[in-house]
Amino acid sequence: MQVIQTINGGLRRIPAWTIYIVGAAYAVWEFWRALNQIGPYLVEPINVLERAYGEVALILMVVGLTVTPLRKWTGVNLIKFRRAIGVTAFFYVLAHFLVFAILDVQSVSRVWTEIVKRPYVTVGMASFLMLIPLAVTSNNLSVRKLGAATWRKMHKLTYPAAILGAIHYLWLVKGFQLEPIIYLLVILGLIAVRYISLERFRQTAKV
(Lines give C-alpha, C1' and ligand atoms only; values in the text may rest on other atoms or scores of the structure.)
Protein backbone atom coordinates (compact mmCIF):
# COMPACT_ATOMS: atom_id res chain seq x y z
CA MET A 1 0.00 0.00 0.00
CA GLN A 2 2.82 2.39 0.84
CA VAL A 3 4.38 1.78 -2.59
CA ILE A 4 1.07 2.60 -4.33
CA GLN A 5 0.70 5.78 -2.28
CA THR A 6 4.23 6.81 -3.23
CA ILE A 7 3.51 6.15 -6.91
CA ASN A 8 0.24 8.10 -6.81
CA GLY A 9 1.95 10.93 -4.94
CA GLY A 10 4.57 11.16 -7.67
CA LEU A 11 1.91 11.03 -10.40
CA ARG A 12 0.01 13.91 -8.79
CA ARG A 13 3.09 16.09 -9.19
CA ILE A 14 3.27 15.44 -12.94
CA PRO A 15 1.01 17.77 -14.97
CA ALA A 16 -1.27 16.11 -17.52
CA TRP A 17 -0.02 18.40 -20.29
CA THR A 18 3.30 16.54 -20.13
CA ILE A 19 1.61 13.84 -22.24
CA TYR A 20 0.99 16.35 -25.03
CA ILE A 21 4.58 17.61 -24.99
CA VAL A 22 6.10 14.13 -25.04
CA GLY A 23 3.65 12.98 -27.71
CA ALA A 24 4.34 15.94 -30.00
CA ALA A 25 8.11 15.69 -29.49
CA TYR A 26 8.14 11.99 -30.37
CA ALA A 27 6.03 12.58 -33.49
CA VAL A 28 8.45 15.28 -34.67
CA TRP A 29 11.42 13.04 -33.87
CA GLU A 30 10.01 10.18 -35.95
CA PHE A 31 9.20 12.53 -38.82
CA TRP A 32 12.73 13.92 -38.75
CA ARG A 33 14.19 10.40 -38.83
CA ALA A 34 11.95 9.51 -41.77
CA LEU A 35 12.89 12.72 -43.59
CA ASN A 36 16.58 11.89 -43.22
CA GLN A 37 16.07 8.13 -43.73
CA ILE A 38 17.71 7.18 -40.44
CA GLY A 39 17.48 3.75 -38.82
CA PRO A 40 14.32 1.86 -39.83
CA TYR A 41 13.51 4.62 -42.32
CA LEU A 42 16.35 3.71 -44.67
CA VAL A 43 13.94 1.81 -46.94
CA GLU A 44 10.37 3.00 -47.69
CA PRO A 45 10.41 5.84 -45.10
CA ILE A 46 6.82 6.92 -45.84
CA ASN A 47 5.36 3.47 -45.22
CA VAL A 48 7.46 3.00 -42.08
CA LEU A 49 6.42 6.42 -40.72
CA GLU A 50 2.78 5.71 -41.50
CA ARG A 51 2.94 2.46 -39.56
CA ALA A 52 4.95 3.99 -36.70
CA TYR A 53 2.32 6.66 -36.09
CA GLY A 54 -0.44 4.06 -36.27
CA GLU A 55 1.27 1.77 -33.77
CA VAL A 56 1.78 4.60 -31.27
CA ALA A 57 -1.91 5.49 -31.63
CA LEU A 58 -2.90 1.88 -30.91
CA ILE A 59 -0.58 1.69 -27.90
CA LEU A 60 -2.10 4.87 -26.47
CA MET A 61 -5.61 3.48 -26.99
CA VAL A 62 -4.60 0.39 -25.02
CA VAL A 63 -3.09 2.56 -22.28
CA GLY A 64 -6.30 4.60 -22.13
CA LEU A 65 -8.39 1.46 -21.75
CA THR A 66 -6.05 0.24 -19.00
CA VAL A 67 -6.49 3.29 -16.74
CA THR A 68 -9.70 2.15 -15.00
CA PRO A 69 -8.82 -1.53 -14.42
CA LEU A 70 -5.31 -0.50 -13.30
CA ARG A 71 -6.81 1.74 -10.61
CA LYS A 72 -9.29 -0.96 -9.58
CA TRP A 73 -6.80 -3.82 -9.40
CA THR A 74 -3.65 -2.09 -8.18
CA GLY A 75 -4.70 1.30 -6.85
CA VAL A 76 -2.41 3.17 -9.27
CA ASN A 77 -4.39 6.23 -10.35
CA LEU A 78 -3.83 7.56 -13.87
CA ILE A 79 -7.28 9.12 -14.25
CA LYS A 80 -5.88 12.66 -14.52
CA PHE A 81 -3.91 11.58 -17.60
CA ARG A 82 -6.72 9.72 -19.39
CA ARG A 83 -8.01 12.69 -21.38
CA ALA A 84 -4.50 13.66 -22.50
CA ILE A 85 -3.78 10.06 -23.47
CA GLY A 86 -6.96 9.92 -25.55
CA VAL A 87 -6.34 13.23 -27.31
CA THR A 88 -2.73 12.27 -28.04
CA ALA A 89 -3.93 8.94 -29.44
CA PHE A 90 -6.22 10.86 -31.80
CA PHE A 91 -3.33 13.11 -32.78
CA TYR A 92 -1.33 10.06 -33.83
CA VAL A 93 -4.30 8.59 -35.71
CA LEU A 94 -4.63 11.91 -37.53
CA ALA A 95 -0.88 11.92 -38.28
CA HIS A 96 -1.17 8.32 -39.51
CA PHE A 97 -3.99 9.33 -41.85
CA LEU A 98 -2.20 12.45 -43.12
CA VAL A 99 0.95 10.51 -43.96
CA PHE A 100 -1.24 8.02 -45.84
CA ALA A 101 -3.28 10.69 -47.66
CA ILE A 102 -0.65 13.34 -48.40
CA LEU A 103 2.66 11.50 -48.61
CA ASP A 104 1.56 8.04 -49.71
CA VAL A 105 -1.43 8.13 -52.10
CA GLN A 106 -1.14 11.93 -52.72
CA SER A 107 -4.64 12.31 -54.15
CA VAL A 108 -8.13 12.84 -52.71
CA SER A 109 -9.65 10.59 -55.37
CA ARG A 110 -7.11 7.86 -54.62
CA VAL A 111 -7.82 8.16 -50.90
CA TRP A 112 -11.50 7.51 -51.60
CA THR A 113 -10.62 4.63 -53.92
CA GLU A 114 -8.44 3.04 -51.24
CA ILE A 115 -11.20 3.41 -48.64
CA VAL A 116 -13.75 1.72 -50.90
CA LYS A 117 -11.43 -0.89 -52.41
CA ARG A 118 -9.39 -2.10 -49.45
CA PRO A 119 -11.22 -3.44 -46.35
CA TYR A 120 -8.36 -2.66 -43.97
CA VAL A 121 -8.46 0.98 -45.07
CA THR A 122 -12.26 1.03 -44.72
CA VAL A 123 -12.01 -0.27 -41.16
CA GLY A 124 -9.22 2.14 -40.31
CA MET A 125 -11.21 5.09 -41.64
CA ALA A 126 -14.26 4.02 -39.62
CA SER A 127 -12.11 4.01 -36.48
CA PHE A 128 -10.73 7.45 -37.35
CA LEU A 129 -14.22 8.90 -37.88
CA MET A 130 -15.39 7.53 -34.53
CA LEU A 131 -12.50 9.24 -32.78
CA ILE A 132 -13.19 12.70 -34.25
CA PRO A 133 -16.22 13.57 -32.05
CA LEU A 134 -14.37 12.20 -29.03
CA ALA A 135 -11.39 14.46 -29.65
CA VAL A 136 -13.61 17.49 -30.30
CA THR A 137 -15.55 16.97 -27.06
CA SER A 138 -12.55 16.15 -24.86
CA ASN A 139 -12.87 19.35 -22.84
CA ASN A 140 -14.78 20.57 -19.80
CA LEU A 141 -17.02 22.87 -21.87
CA SER A 142 -18.34 19.91 -23.87
CA VAL A 143 -19.03 17.97 -20.68
CA ARG A 144 -21.13 20.88 -19.38
CA LYS A 145 -22.94 21.42 -22.70
CA LEU A 146 -23.72 17.75 -23.34
CA GLY A 147 -24.25 16.72 -19.76
CA ALA A 148 -22.10 14.15 -18.00
CA ALA A 149 -24.35 11.18 -18.86
CA THR A 150 -24.56 12.01 -22.59
CA TRP A 151 -20.84 12.75 -22.71
CA ARG A 152 -20.00 9.38 -21.15
CA LYS A 153 -22.27 7.56 -23.60
CA MET A 154 -20.63 9.32 -26.55
CA HIS A 155 -17.17 8.45 -25.32
CA LYS A 156 -18.02 4.76 -25.30
CA LEU A 157 -17.20 5.03 -28.99
CA THR A 158 -13.66 4.53 -27.73
CA TYR A 159 -14.36 0.79 -27.53
CA PRO A 160 -15.43 0.09 -31.14
CA ALA A 161 -12.82 2.58 -32.38
CA ALA A 162 -10.06 0.68 -30.57
CA ILE A 163 -11.32 -2.68 -31.83
CA LEU A 164 -11.51 -1.43 -35.42
CA GLY A 165 -8.04 0.07 -35.07
CA ALA A 166 -6.65 -3.31 -34.03
CA ILE A 167 -8.49 -5.06 -36.88
CA HIS A 168 -7.09 -2.46 -39.29
CA TYR A 169 -3.58 -3.32 -38.10
CA LEU A 170 -4.26 -7.06 -38.28
CA TRP A 171 -5.48 -6.85 -41.89
CA LEU A 172 -2.71 -4.46 -42.86
CA VAL A 173 0.24 -6.73 -42.07
CA LYS A 174 1.35 -9.36 -44.54
CA GLY A 175 1.47 -12.97 -43.41
CA PHE A 176 1.09 -14.20 -39.84
CA GLN A 177 2.41 -11.70 -37.29
CA LEU A 178 1.81 -12.04 -33.57
CA GLU A 179 1.92 -8.34 -32.60
CA PRO A 180 -1.40 -7.21 -34.15
CA ILE A 181 -3.12 -10.32 -32.74
CA ILE A 182 -1.86 -9.41 -29.26
CA TYR A 183 -3.18 -5.85 -29.63
CA LEU A 184 -6.61 -7.12 -30.65
CA LEU A 185 -6.78 -9.69 -27.83
CA VAL A 186 -5.65 -7.17 -25.20
CA ILE A 187 -8.22 -4.60 -26.36
CA LEU A 188 -11.02 -7.17 -26.41
CA GLY A 189 -9.94 -8.40 -22.97
CA LEU A 190 -9.91 -4.91 -21.45
CA ILE A 191 -13.34 -4.09 -22.87
CA ALA A 192 -14.75 -7.45 -21.74
CA VAL A 193 -13.42 -6.95 -18.21
CA ARG A 194 -15.00 -3.51 -18.08
CA TYR A 195 -18.43 -4.79 -19.12
CA ILE A 196 -18.24 -7.82 -16.82
CA SER A 197 -17.42 -5.54 -13.88
CA LEU A 198 -20.27 -3.21 -14.83
CA GLU A 199 -22.75 -6.10 -15.06
CA ARG A 200 -21.67 -7.44 -11.67
CA PHE A 201 -22.15 -3.98 -10.19
CA ARG A 202 -25.68 -3.79 -11.60
CA GLN A 203 -26.56 -7.21 -10.27
CA THR A 204 -25.21 -6.31 -6.84
CA ALA A 205 -27.23 -3.08 -6.86
CA LYS A 206 -30.43 -5.04 -7.53
CA VAL A 207 -29.90 -7.33 -4.54
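A nonpolar core is understood here as a set of buried Ala, Val, Leu, Ile, Met, Phe, Trp, Tyr and Cys residues joined through side-chain atoms within 4.5 Å, where buried means under 20% relative accessible area. The model is a predicted one, and the largest core of this kind in it has 47 residues.

**Nonpolar core**
- Within this largest core, the residues with the most contacts are Y53, L58, M61, L65, Y92, L131 and I187.
- At least two core residues are supplied by each of helix 1 (2-12), helix 2, helix 3 (45-74), helix 4, helix 5 (108-117), helix 6 (119-136), helix 9 (158-172) and helix 10 (178-206).
- M61, listed among the core residues with the most contacts, is in contact with A89, V93, S127, L131, A161 and A162 once its neighbours within four places in sequence are left aside.

- The buried residues in helix 1 are I4, N8, G9 and L11, and because they fall within an arc of 160 degrees when the helix is seen down its axis, they line one face of it.
- An α-helix has 3.6 residues a turn, so residues three or four places apart point the same way.
- Q2 and V3 are exposed and sit on the face of helix 1 that is turned away from its buried side, whereas the cover over the buried residues of this helix includes helix 3 and helix 4.

- T88 lies in helix 4 and counts as buried because its relative accessibility is 4%, which falls under the 20% cut-off.
- Not counting residues up to four places away in sequence, T88 touches I19, Y20, G23 and L60.
- L98 is also found in helix 4, but with 36% relative accessibility it counts as partly exposed.

- A148 has its place in helix 8, which comprises residues 148-154, and its relative accessible area of 37% makes it partly exposed.
- Between the C-alpha atoms of A148 and I115 there is a separation of 34 Å, the two residues being 33 residues apart along the chain.

Note on methods: Residues numbered from 1 in each chain as written. Predicted model: local features only at pLDDT ≥ 70, side-chain atom pairs only at ≥ 80, totals over all residues. Heavy atoms only, no water. Helix = DSSP H or I, 4+ residues; strand = E, 2+ residues; numbered from the N terminus. Buried < 20%, exposed > 50% of the residue type's maximum accessible area, 1.4 Å probe, protein only. Contact = heavy atoms within 4.5 Å. Arc of directions from axis to C-beta.
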